[in-house]
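Please take a moment to look over the chain before reading on.

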Amino acid sequence: MTSQLTDALGDEALGGRVGAVVLDAATGQQIFAANPATGITPASTTKVVTCVAALASLGPDARLKTSVVQGANRSSIILVGGGDPTLAGPFAKAGAYPKQASLAQLASRTAAALKSSGVTKVTLSYDASLFTGPTSAPGWKSNYIPDGEVAPVHALTIDVGRQHPSSRAPRVSNPSAFAAAAFAGLLDRYGISVGKKVRPARAPQGAAALATVESAPVYALVERTLTMSDNDLAEALARHVAIKEGEPASFEGATRAMIAALKRIGGAKGVMLSDASGLSIRNRISADAMARVLAIASKDPALRPILSGMPIAGFTGTLGHRFTRDDSKGEVGLVRGKTGTLNHVNTLAGFATTLEGRLVTFAFMADKVPVNAEPVLDGLAAVVARS
């Protein structure tokens, strides 16, 4: 393996800065390393450490709640965002996995509760104060939101901030107001008349809940984040880690909280974060840190959704179209890995089982790529899988 990996790392397509590590998952023994401690821009492989931190801090069975609470009087209600960007809007297709909480179901439950107390006309406000700070991260390019890479990070969002659930772009500029307007329309459909003005507000402390819906459990959200490389969900999960760890639910608070959660399980060394999705060019993670975080996940049952959520080479998610060259197509189905792509950045980190049956983790990371190094990274992972 060593000579093959060394030769492949000399490929000019990788550019001038590359980190590579292969570890025995069970023992943590380093099988191969090249520049293992160099901090490299990880792109979307950042989601690996985000999801490990989320599972370690929140637990695999936690759920994200969206609620409607009583306002100042019986005809006043407040839609309270619970930081669930997967909340399905009125035009979302049914049957998505994992099963999403539904704004329509929340409206139906709210209408039933209101009617049971004789209320059929309300004023509606919305509370998105769970998340704080800027809605875009340091290191994000200005085109990310217009191009549909990510939505502004709000605690009240439907359809991951998309104007149309099935279209990546456009993203709405104010996800909270957009979601509240959609909710008002649904209430009307269920026989509750809503006043024309829907404004932001703070829910009174201890306000009675009229209705609540819950997301899929965190383990399923982690799987979705990794398989689909879901930027919006990664950022939301990180903010919930911040809340759990006692930090502000902002980009800065979330990154501090993730490092704290990783530190408790021995996975913080070599990790520097500016966001949770990997869109920020300010993130730095070493190949050794990435491979070690994966090895930690492989040994802890609470962190196992990291393995099940990883795309499968040639089959699923962001690896579904990869492993097509002669030096990698023989290992289709034998590698699970998280991809990362930004301008001049290509990374791949994941798991493989060697011919002798040993589970290994790997991280191959390059951030001075001239054009595109994805096929080379696939070839490196294939070497590991057939060794």
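How many helices and strands are there in the chain? The model shown here is a predicted one, and in it the chain has ten helices and 14 strands. The C-alpha atoms, taken along the principal axes, fill a box of roughly 75 × 35 × 35 Å. For a chain of 387 residues, a compact globule would have a radius of gyration near 21 Å, and the chain has 22 Å, which agrees. If we look at contacts between residues at least 6 apart in sequence, 68% of them join residues that are at least 24 apart.

We can now turn to the interior. Of the 387 residues in the chain, 54% are buried. In soluble globular proteins, nonpolar side chains tend to be buried together. The largest nonpolar core in this model has 49 residues, and the members that touch the most others are Val222, Ile285 and Ile306. Another core lies apart from it and has 28 residues, including Val68, Val119, Val122 and Val213.

Val360 has its place in strand S14, which covers residues 359-366. Is Val360 buried or exposed? Its relative accessibility is 0%, and because buried means under 20%, Val360 counts as buried. Leaving aside neighbours within four places in sequence, Val360 is in contact with residues among them Val22, Leu23, Asp24, Ala25 and Ile31, as well as Phe351 and Val384. Gly350 is also one of its contacts; Gly350 and Val360 are ten residues apart in sequence, and their C-alpha atoms lie 8.5 Å apart in space.

The last stop is the largest pocket, which holds about 1100 Å³ of space. Which residues lie nearest its centre? They are Arg162, Met228, Ser229, Asp230 and Asn231, out of the 40 residues that line the pocket. Helix H5 (218-228), helix H6 (231-244) and strand S12 (335-342) each supply at least two residues of this lining. Sorted by class, the lining of the largest pocket has 16 polar, 13 charged and eleven nonpolar residues.

How values were computed: Residues numbered from 1 in each chain as written. Predicted model: local features only at pLDDT ≥ 70, side-chain atom pairs only at ≥ 80, totals over all residues. Heavy atoms only, no water. 1 Å grid on protein atoms, 1.4 Å probe; cavity = no way out; pocket = protein on both sides within 12 Å on 5 of 7 lines; lining within 4 Å. Points joined across faces, edges and corners; volume = space filled by probe spheres on them. Helix = DSSP H or I, 4+ residues; strand = E, 2+ residues; numbered from the N terminus. Nonpolar A, V, L, I, M, F, W, Y, C, P; charged D, E, K, R; others polar. Core = buried A, V, L, I, M, F, W, Y, C linked by side-chain atoms within 4.5 Å. Buried < 20%, exposed > 50% of the residue type's maximum accessible area, 1.4 Å probe, protein only. Rg over C-alpha atoms; globule rule 2.2 N^0.38 Å. Contact = heavy atoms within 4.5 Å.
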